[in-house]
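These notes are meant for a colleague who is opening this structure for the first time. Please keep the sequence and the model side by side while reading the points below.

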Amino acid sequence: MKEELRQKLHSIAGSLEQEVINLRRHFHMNPELGCEEVETAKKIAEVLSGAGLQVREGVGGTGVVAVLKGSESGPTVGLRADMDALPIEDKKEVPYASRVEGKMHACGHDAHVAILMGTALLLSKIPLAGTVKFIFQPAEEGPGGAEPMIKDGVMEDPHVQAMYALHVDNRLETGRIGFGVGAVSANVDDVLIKILGRGGHAAAPHVTVDAIALSGQVIVALQNIISRTVKPQEPAVITLGRIQGGYRSNVIAPEVTLEGTLRTVSSELREELPRRIEKVIKGIVSAFDGDYEFNLLPGYPAVVNDKSLVEILQLTADELYGNDILCEITTPLMGGEDFSFFAQKVPGCFFRLGTRGGLETAYPGHNSYFDIDESALRIGMEIMAGLVFNYLARERNE
Ligand code: ZN
């Protein structure tokens, strides 16, 4: 990146900083849950069409797409932000706390939207040799907004060749950039298990099939799958988060329901684990004349970062702020992230932006006191804009 451009990026970002902070506070005060991001979408559309971008609303539900065509033609790069809040009570005492009871931006998606809007405003003021698509997606926290947007054509017309997205992160100090090559999030799939027995009197177990006793064995055996059959170096989690069954102390339960989540990184294990789980359940229940139902509910695949896009991120962070702000995250987080659907279509890179300034911004995501150090917003905006320039330049072999 030329020194002149670097200076320009810094100075335009500086002039936009307060506006981006105000936008973030506006969204923070007015959170909307997944698939309900109507006012959020309206605000994005209003501001970005005012800045001269071509805006399309209602993409894959409440999604918004804004296209910025540069002064010269060239490749198209996509930048994505998620818009949804969570059903959590905001307990912070700050002037910009949520004004909606029981809803809160507790994962920083308000910051993602504000950063991306700032990036669009910034890039609209500098000549570009290519096109940028700003993608604001609904419902990252579930049921997912990336897939519906892709089905609605967000990756075409013009065709997006590569995608970047960031997530704020309170484990990292303000402005640090966390990056990883390869898988950076997990495959997240849910399982629904029914253990079927035959109910009866608690005093006569021999003429029943006790679904509670069977599920106890199933639970223990399922935990052995990870510890005894999965290679220790391979990340995998089986968590049973819900169990329900039975009537009262003197009745043998005819049925127990178990709900769980599977987290894997490799696609082989993603296929293998449900097979093994079903095998374990089948073995245990059949040994005691019970039966079962097993349903796999596929969720988000793992985000796999493209190496060359990560290299552009490293270069950009280094050019703008120096190598010290980079922080390599070598093990994938076992959370889910539906940016993966974009990254399955085209090369993608999902990275983290540190937002921990002090104690009040050290709360983890999904906590009632979650907040960010707003001085990270400007850094996020500059990095996103810098990525666009460096990506377009690389594609044109500059
Ligand atoms: Zn999030």
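Leaving aside its neighbours within four places in sequence, which residues is Asp189 in contact with?

1. Asp189 and its surroundings. With contact taken as heavy atoms within 4.5 Å, and with neighbours within four places in sequence left aside, Asp189 is in contact with Gly260, Thr261, Leu262, Arg270, Leu296, Leu297, Pro298 and Gly299. Asp189 lies in strand S8, and its relative accessible area of 3% makes it buried, where buried stands for under 20% relative accessible area, exposed for over 50%, and partly exposed for what falls in between (1.4 Å probe, protein chains only). One of these partners, Arg270, also makes a polar contact with Asp189, side chain to side chain, at 2.8 Å; a polar contact is a pair of N or O atoms within 3.5 Å, in which, within protein, one must be able to donate a hydrogen and the other to accept it, and residues adjacent in sequence count only if both atoms are side-chain atoms.

2. Basis of the model. This is a predicted model, in which local features need pLDDT of at least 70 and side-chain atom pairs count only at pLDDT 80 or more, whereas totals for chains, interfaces and linings use all residues. Residues are numbered from 1 along each chain as its sequence is written, and side-chain values use heavy atoms, with hydrogens and water left out.

3. The chain as a whole. The chain has 398 residues, 53% of them buried, and its secondary structure consists of 9 helices and 16 strands, these being DSSP runs numbered from the N terminus (helices H or I, at least four residues; strands E, at least two). Along the principal axes, the C-alpha atoms occupy a box of roughly 85 × 45 × 40 Å. Among contacts with a separation of 6 or more, 81% are between residues 24 or more positions apart.

4. Two domains. The domain assignment, whose bounds come from an automatic or database source, gives domain 1 as 3–185 + 301–397 and domain 2 as 187–298. Their centres, taken over C-alpha atoms, are 39 Å apart, and 8 residues of domain 1 are in contact with 9 residues of domain 2. The area buried between them is about 580 Å², with 69% of it from carbon and sulfur atoms; buried area here is the accessible area (1.4 Å probe) that two parts lose on being put together, summed over both. On the domain 1 side, Pro301, Ala302 and Met334 supply 69% of the area buried against domain 2, more than any other three residues.

5. Helix H5. The 19 residues of helix H5 (residues 211–229) should span 27 Å at 1.5 Å a residue, and the end C-alpha atoms are 26 Å apart, which agrees; the expected span is 1.5 Å times one less than the number of residues. Where the helix starts, a side-chain oxygen of Asp210 comes to within 2.9 Å of the backbone nitrogen of Ile212. The buried residues of H5 are Ala211, Leu214, Ser215, Val218, Ala221, Leu222, Ile225 and Ile226, and they pack against strand S8 (187–196), strand S10 (236–245), strand S12 (255–264) and helix H6 (267–287). As background to this spacing, an α-helix has 3.6 residues a turn, so residues three or four places apart point the same way.

6. Cysteines. With a disulfide defined as a pair of cysteine sulfur atoms within 2.5 Å, the count is 0 disulfides. For Cys35, the nearest cysteine sulfur is that of Cys107, 16 Å away, and Cys35 is partly exposed at 46% relative accessible area. For Cys349, the nearest cysteine sulfur belongs to Cys327 and is 14 Å away, while Cys349 itself is buried, at 0%.

7. Backbone points to check. A cis peptide bond joins Gly142 and Pro143, with omega about 0°, and Pro143 sits in the loop between strand S4 (129–137) and helix H4 (146–151). The peptide bond from Asp157 to Pro158 is also cis, with omega near -5°, and Pro158 sits in the loop between H4 and strand S5 (162–173). Cys35, although not a glycine, has a positive phi of about 70° and is placed in the loop between helix H1 (3–29) and helix H2 (38–50). His366, likewise not a glycine, has a positive phi of about 70°; His366 lies in the loop between strand S16 (348–356) and helix H9 (375–395) and is partly exposed at 41% relative accessibility.
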